[in-house]
Every structure is written in structure tokens, then in C-alpha cells.
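This report concerns a single protein chain and is written for a reader who has its sequence and model at hand. Please consult both while reading.

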Amino acid sequence: MVVISALFIQAFQMALVVLLAPLLTGFIRLIKARLLRRRGPSMIQPYRDILRLLRKEVVLAENASWLFRVTPYLIFAVTWVAAAITPTFATGLIFSWTADLIAIIALLGSARFFLALAGMDVGTSFGGIGSSREAMIATLAEPSMLLIIFTLALIAGSTQLSTIATFMTSPQVGLRVSLAIALIALVMVAIAENARIPVDNPATHLELTMVHEAMVLEYSGRHLAMIELAASLKLLLYMSLIACMFVPWKLAVEGEGLVAYLVGIFAYLAKLAIGGALLALFETATAKMRVFRVPEFLGAALMLGLLATLLRFVSRSL
């Protein structure tokens, strides 16, 4: 009975993240529209878009290989797994031992790798441009993430998310400059990884500026639906990571009971709402930067991650 209950809670989290991901995207679009004094689309518009794409016929290029067909499902599955094992409303779930930060970064890196290959598979100029720019972003974003992970591992003594969340709620944490710097670096990396302003604009298709949209320009139908859902899941994943590691309050512990789980769910929804509103406000107040300035932006995140790691090393040696 205990195992069945644990499996049910884990399955509920898996369903929760995939159902909330389009809602988070719609919420951010609505907030941005209201900040610009526009009516904006409904919050459930992403659900309608995904259902519409699922009903449409897939149009494939004549020279598209099996990789081009398989990649959307692979990206969705990998991103879903990474989002499902990340603690959202509770820690210590039955699969929480797999929620290791290095494993999550490896999963996201594999999804990026296959998406870049799919962008070049058909041989269009847009796909090649998008894949090359994605590789450029990855060369700086992934080392930054690793440095952030090293900082958290030095502080919490583990790269396992449940352990980090438990440690962050303990009085041993206190005020640490390295944590604040790591948080800023993680936010910068999350913006770049999710193709948000100022690194990329998900609402544009201009050839000189687009990165993510250039790689998926040849997709249609259910393939495009999988990619769009995976993009929403990735945004929710990064917000869940930030909430789990830096704002882990009201996270339920497995076995605490139904009330604790309900409190954790409401707290998680509140964290997503606050994070989405802050992202919408930031994107509304910030302009899209030139592609050639993106390395400077991510280079700053890399230096912040390195600084946080060095500060932690120095504080341990004193």
C-alpha cells in the first residue's frame, strides 16, 4: 500500500508538470499583453494551439531523415522526464533519487544536441543558422550551469535536489553571498536556455535574430506540437529548479499527509505565478540584444558562476 501511494504521488507530479506547462506559457503571454495595455490571448490559448497542431497533417521535406521524425518525440520525452523528477510540491518521492542536477543537465544537453541535428538535417539555411547559434549558446550556458551546481554541491554537500532543498530550509544556510551570485547566474542561464528576451524572442521569425525558432521552422503538425510542449516544459523546469533550490519553503515531505501535499501544491502554484509575472515584467522592460552580444551576456553568467564557486572555496578554507 505504501509503494502504491508513493507511485501515485509520483505519477501525479508527472501529470501536474505536463498540464501546468502550457498554462504557465499562457500566463506569461497574458501578463506581457496587459503590461503593454493590450487585451492579449487567453491563458488557455497554448492548449488550443497544441490541440490544433495535433489535428493537423504533418508536412515533411523529401530529404528529411528518420532523425528529423524522431527528434520531436525524443525532446518531449527527455524534457518531461527532467521536469517530472524535479521536486515541485514535495521532496523524497519514490523517484527523487534520480533527481540529480548533473543528470538533469545531461538530459537537457542531449535534447539540445538532437534538436540542433534536426535543424541541420533538412539542409535549409535557417536551420543551419539556428543550430550554429544554439551551439554557441550551449558552449557558455552549460559550463555556467556546472559551476552553479558545484557551488550548490559545496554548500549542501550533494547534487541531489531533495537533499539541497532540505538543506536550504535548515538554519545552517544563513546569508551567503555565493548563493546570491549563483541565483543571478542561474536566472541568466535560464533566460538563454529558454530563448527568452534579451537573448531570443520566441514571438519573432526574423532571420537575423531567431535562434530556437530557426531550428523548428520546418516542423508542422504533431511534430511541432511536441516541440512546443517541450519548450513550455523546459520553462517550467527551470522555474521549478529555482524554486526548489532557492525558494524551497512549504515543500512537503513524503509521508506527511494530504494536507501537507495540498499546501505544497498551492505554494508551488504561487511560486510559478510570481516567477511568470517577474519574467513577463523583465521581458517587457528589456529590449532584444544583438546575437553577437549574447556571448557577453552568457560570459557574465559564467564569470558569476565561477565567482560563486571561488567564494565558497575561500569560505571553506577560512
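## Basis of the report

The model is predicted, so that local features require pLDDT of at least 70 and side-chain atom pairs pLDDT 80 or more, while totals for chains, interfaces and linings use all residues. Residues are numbered from 1 along each chain as its sequence is written, and side-chain values use heavy atoms, with hydrogens and water left out.

## Overall fold

The protein chain contains 11 helices and 2 strands; helices (H or I, at least four residues) and strands (E, at least two) are DSSP runs, numbered from the N terminus. Along the sequence, these elements follow the order α-α-α-β-α-α-α-α-α-α-β-α-α.

The C-alpha atoms occupy a box of roughly 60 × 50 × 45 Å along the principal axes. The radius of gyration is 20 Å, in agreement with the value near 20 Å for a compact globule of 318 residues. This radius is taken over C-alpha atoms, and the globule rule is 2.2 Å times the number of residues to the power 0.38.

Two packed helices are described by the angle between their axes and the distance between the axes. Here, axes are lines fitted to C-alpha atoms, for helices over the stretch in contact, and angles run from 0 to 180 degrees between N-to-C directions. Angles under 35 degrees count as roughly parallel, over 145 as roughly antiparallel, 65 to 115 as roughly perpendicular and the rest as oblique. A crossing is left-handed if the near helix is turned anticlockwise from the far one by less than a right angle, and right-handed if clockwise.

The axes of α1 (residues 2–35) and α10 (residues 258–285) come within 9 Å and cross at roughly 30 degrees. The two helices are therefore roughly parallel. Their contact comprises 19 nonpolar, 2 polar and 2 charged residues, where Ala, Val, Leu, Ile, Met, Phe, Trp, Tyr, Cys and Pro count as nonpolar, Asp, Glu, Lys and Arg as charged, and the others, Gly among them, as polar. The crossing of α1 and α10 is right-handed.

For α9 and α10, the axes come within 10 Å and cross at roughly 110 degrees. This angle makes α9 roughly perpendicular to α10, and the crossing of this pair is right-handed.

## Pockets and cavity

Grid points are joined across faces, edges and corners, and a volume is the space filled by probe spheres set on the points.

The largest pocket holds about 1,100 Å³. Its lining has 47 residues, with Arg29, Pro202, Glu213, Glu228 and Ala231 nearest the centre. Elements giving two or more residues include α1, α2 (45–55), α5 (125–156) and α9 (221–246), and α9 gives the most, with 9 residues. By class, this lining has 27 nonpolar, 7 polar and 13 charged residues. The second largest pocket holds about 560 Å³ and is lined by 21 residues, of which Val187, Met239, Ile242, Gly275 and Leu278 lie nearest its centre. Its lining draws two or more residues from each of α7, α9 and α10, with the largest share, 7 residues, coming from α10. This lining divides into 17 nonpolar, 2 polar and 2 charged residues.

The whole structure has 1 cavity of 30 Å³ or more, and the volume of the largest cavity is about 40 Å³. Among its lining residues are Gln10, Gln13, Pro87, Phe95 and Ser162. Both α1 and β1 (90–91) supply at least two lining residues. The lining comprises 5 nonpolar, 7 polar and no charged residues.

## Backbone features

Most residues other than glycine have a negative phi, and most peptide bonds are trans. Arginine 37, in the loop between α1 and α2, has a positive phi near 60 degrees. The peptide bond from isoleucine 197 to proline 198 is cis, with omega near 15 degrees; proline 198 is in the loop between α7 and α8.

Conventions:
1 Å grid on protein atoms, 1.4 Å probe; cavity = no way out; pocket = protein on both sides within 12 Å on 5 of 7 lines; lining within 4 Å.
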